[in-house]
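User: I have a structure here and some terms I want to understand. Can we go through what each label rests on?

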Amino acid sequence: MLAVVSAGIAPGLALLSYFYLKDTFEKEPITYVFKIFMFGALLVFPLMFMQYVIELELGVTSHLVKAFLMSGLLEEFFKWFILIYLVYQNLHFDEHYDGIVYGVAVSLGFATAENILFLIANGVELALGRAILPVSSHALFGVIMGYYLGKGKFNTNSKHKLICLTLSLLTPIFLHGMYDMIILSQKYWGLYMVPFMIFLWWLGLRKVKLANTVEI
């Protein structure tokens, strides 16, 4: 059990440390970052229940609905809600890049808890594949969510602010949905997943670079 839990936690903490240390300005309080991480982890249980009820009661079989509604919309909306409710007006959120730190924290909290449960059910031998795909993809969805959240927070134009805040929710939903669609609907999903993950890493690292260019 210790090996499973360790394998489940390690990739999330490694990725969180990586993006945390990429902050070229003032580092965020590690205790507050961990708090947001834990809130993300706690999301797993109510979301698993909601997804189970929706699939069972409505008899959902459509890959499109499963990918974009049950995974993309539900998971990314509740991560976004935590950021809006707990982080957006917080005094610690005083730089553009901070949005990325907190976006990654809530996403990796969720991904880590989900990863532990998956490995307990299916075996530690799947840990490497889980780290490369679902855990890292959640981290990158968090990067993109946090990037637009930070851009919106410090934008003085109300119209542009609204656009950025909308993108902070819709872009991760779309990318998460695409990720799940590849897994659910493609027989040779690996052929599509490799370029998708390369694109996702390119996009995420580009947002990291852009967010680090200007100090608020």
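Analyst: Start with the largest pocket. It holds about 790 Å³ of space. Keep in mind that this is a predicted model.

User: Which residues lie nearest the centre of the largest pocket?

Analyst: They are S71, E75, E114, R130 and D180. The lining has 24 residues in total. The elements that give two or more residues to it are α3 (44-58), α4 (63-87), α5 (96-122), α6 (127-153) and α7 (158-185).

User: Which helix gives the largest share of that lining?

Analyst: Helix α6 does, with six residues.

User: What makes a lining residue of the largest pocket nonpolar, polar or charged?

Analyst: The residue type decides. Asp, Glu, Lys and Arg count as charged. Gly is among those that count as polar. On that basis the lining has 13 nonpolar, five polar and six charged residues.

User: Which residues make the contact of α4 with α5?

Analyst: From α4 come E75, K79, I82, L83 and V87. From α5 come Y102, G103, V106, S107, F110 and E114. These divide into six nonpolar, two polar and three charged. E75 and E114 were also named among the residues nearest the pocket centre.

User: How do you know what classes of residue meet in the contact of α1 with α2?

Analyst: List them. α1 gives L13, L16 and Y20, while α2 gives I30, V33 and F37. Leu, Tyr, Ile, Val and Phe count as nonpolar. The contact therefore has six nonpolar, no polar and no charged residues.

User: Why are α5 and α6 called roughly antiparallel?

Analyst: They pack at an angle of about 150°. The cut-off for roughly antiparallel is over 145. The angle passes it, so α5 and α6 are roughly antiparallel to each other. Their axes are 7 Å apart, and the crossing is right-handed. The contact residues divide into twelve nonpolar, nine polar and three charged.

Technical notes. Residues are numbered from 1 along each chain as its sequence is written. This is a predicted model: local features need pLDDT of at least 70, side-chain atom pairs count only at pLDDT 80 or more; totals for chains, interfaces and linings use all residues. Side-chain values use heavy atoms; hydrogens and water are left out. On a 1 Å grid over the protein atoms alone, a cavity is a set of points where a 1.4 Å probe fits but cannot get out, and a pocket is an open set with protein on both sides within 12 Å along at least five of seven lines; lining residues have an atom within 4 Å of a point. Grid points are joined across faces, edges and corners, and a volume is the space filled by probe spheres set on the points. Helices (H or I, at least four residues) and strands (E, at least two) are DSSP runs, numbered from the N terminus. Contact means heavy atoms within 4.5 Å. Axes are lines fitted to C-alpha atoms, for helices over the stretch in contact, and angles run from 0 to 180 degrees between N-to-C directions. Angles under 35 degrees count as roughly parallel, over 145 as roughly antiparallel, 65 to 115 as roughly perpendicular and the rest as oblique. A crossing is left-handed if the near helix is turned anticlockwise from the far one by less than a right angle, and right-handed if clockwise.
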